[in-house]
Amino acid sequence: MGDTVTAVGNAGGTGTLTAAAGTISSLTASVTAASDGSSASETLSSMIETTADVVSGDSGGPLFDAEGEVVGIDTAASVGVQIDGYAIPIARALAVVEQIRTGTETSTVRIGPAAFLGVELSSGVAASGYGYARSAGLGSGATVSDVVTGTAAASAGLQAGDVITSVDGQAIGSASDVGAALVGANPGDQVTIGWTDTSGAPHTATVALGASPVA
C-alpha cells in the first residue's frame, strides 16, 4: 500500500507505448468491469488498485514497481474525472501461464482461440450511437449493435438493430445469455441462431462459429 507504480500500455490504441504513474491504493480490490461496447460484465476480485490513469488500450500491459519489476497486468479502470486502475497480481497471471504451458484446459483457462459469433451486443434498446432502436413488442433478447464483417453472424445475415432471441433453442433474454449459451463451444462448431429483425420478422440460421481474433 502506498508504493509507487507505473502502468504501461497502448493507451487509446495509438500503437505507441505510454506510461502513467501512480500509487497502490488497495491489494484486495473488487471491481465490476465490462469491455467497451459490451453490456456483459464480470466481477474481478483480489485486484491491485492504483491511482495510475489506466485507459482503454492499456489492458494487458505491465504494472511496474519502483524497481522496474512487473507486479501486475493492467486489466481495467474506472471512468470519470478521478481514474483508478486495476491490475491482476503477477503471481496469479503467472499461474495461468503455467496452466497454459501444461496444455490442459480448465473451466477458467482456455487454450487457443474461443468460438466467435461476430457481434457486439446490448440488452434492451440498442446503443443510441448506432442509430437503431428496437420495435415495440419484440420482447426480450440481445440487441445487435454491430456485426463484424466476414464472421458467422455476417454470413447469417444479422444486422445492427436485430435482436437475438435464441441460440441452439436456448432462449436469450440479455446480451450475457449469448455468451453463456456459447460457453464450451469451439471454432467450427455449428449453432442455430434465432433473431428478430427491426421490422419484427423472425429469422433462423445455422452457422459455423469462427475463431476469436487475437487482440
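## Basis

Residue numbers start from 1 along each chain as its sequence is written, and side-chain values use heavy atoms, with hydrogens and water left out. Because the model is predicted, local features need pLDDT of at least 70 and side-chain atom pairs count only at pLDDT 80 or more, while totals for chains, interfaces and linings use all residues.

## Overall picture

The protein chain holds 3 helices and 14 strands (DSSP runs numbered from the N terminus: H or I of at least four residues for helices, E of at least two for strands). Of its 215 residues, 35% are buried (under 20% relative accessible area; exposed is over 50% and partly exposed lies in between, with a 1.4 Å probe and protein chains only).

Among contacts (heavy atoms within 4.5 Å) with a separation of 6 or more, 49% join residues 24 or more positions apart.

## Two nonpolar cores

A nonpolar core here is a set of buried Ala, Val, Leu, Ile, Met, Phe, Trp, Tyr and Cys residues joined through side-chain atoms within 4.5 Å. The largest has 24 residues, and Leu117, Val119, Leu121, Leu158, Ile164, Val178 and Ile193 touch the most other members. Elements giving two or more residues to this core include β8 (119-123), α2 (152-156), α3 (175-181) and β12 (190-196).

Leaving aside residues up to four places away in sequence, Leu158 touches Val119, Val144, Val147, Ala153, Ile164, Ile193 and Trp195. Apart from this core lies another, of 9 residues, including Val5, Ala7, Ile24 and Ala52.

The whole structure has 1 salt bridge (a side-chain nitrogen of Lys or Arg within 4 Å of a carboxyl oxygen of Asp or Glu). Here the side chains of Arg101 and Glu98 meet at 2.9 Å, N to O. Both residues sit in α1 (residues 90-102), 3 residues apart, about one turn of the helix. Arg101 is exposed at 65% relative accessibility, whereas Glu98 is partly exposed at 43%.

The 13 residues of α1 should span 18 Å, in agreement with the 19 Å between its end C-alpha atoms; the expected span is 1.5 Å times one less than the number of residues. Gly103 follows α1 and has a positive phi, near 80°.

Asp58 lies in the loop between β3 (41-50) and β4 (62-65). Asp58 is buried yet has no salt bridge, and the nearest side chain of opposite charge, Arg92, is 19 Å away (Lys and Arg count as positive, Asp and Glu as negative; His and the chain ends are not counted). Beyond residues up to four places away in sequence, Asp58 touches Val8, Gly9, Asn10, Ala11, Thr18, Asp53 and Asp74.
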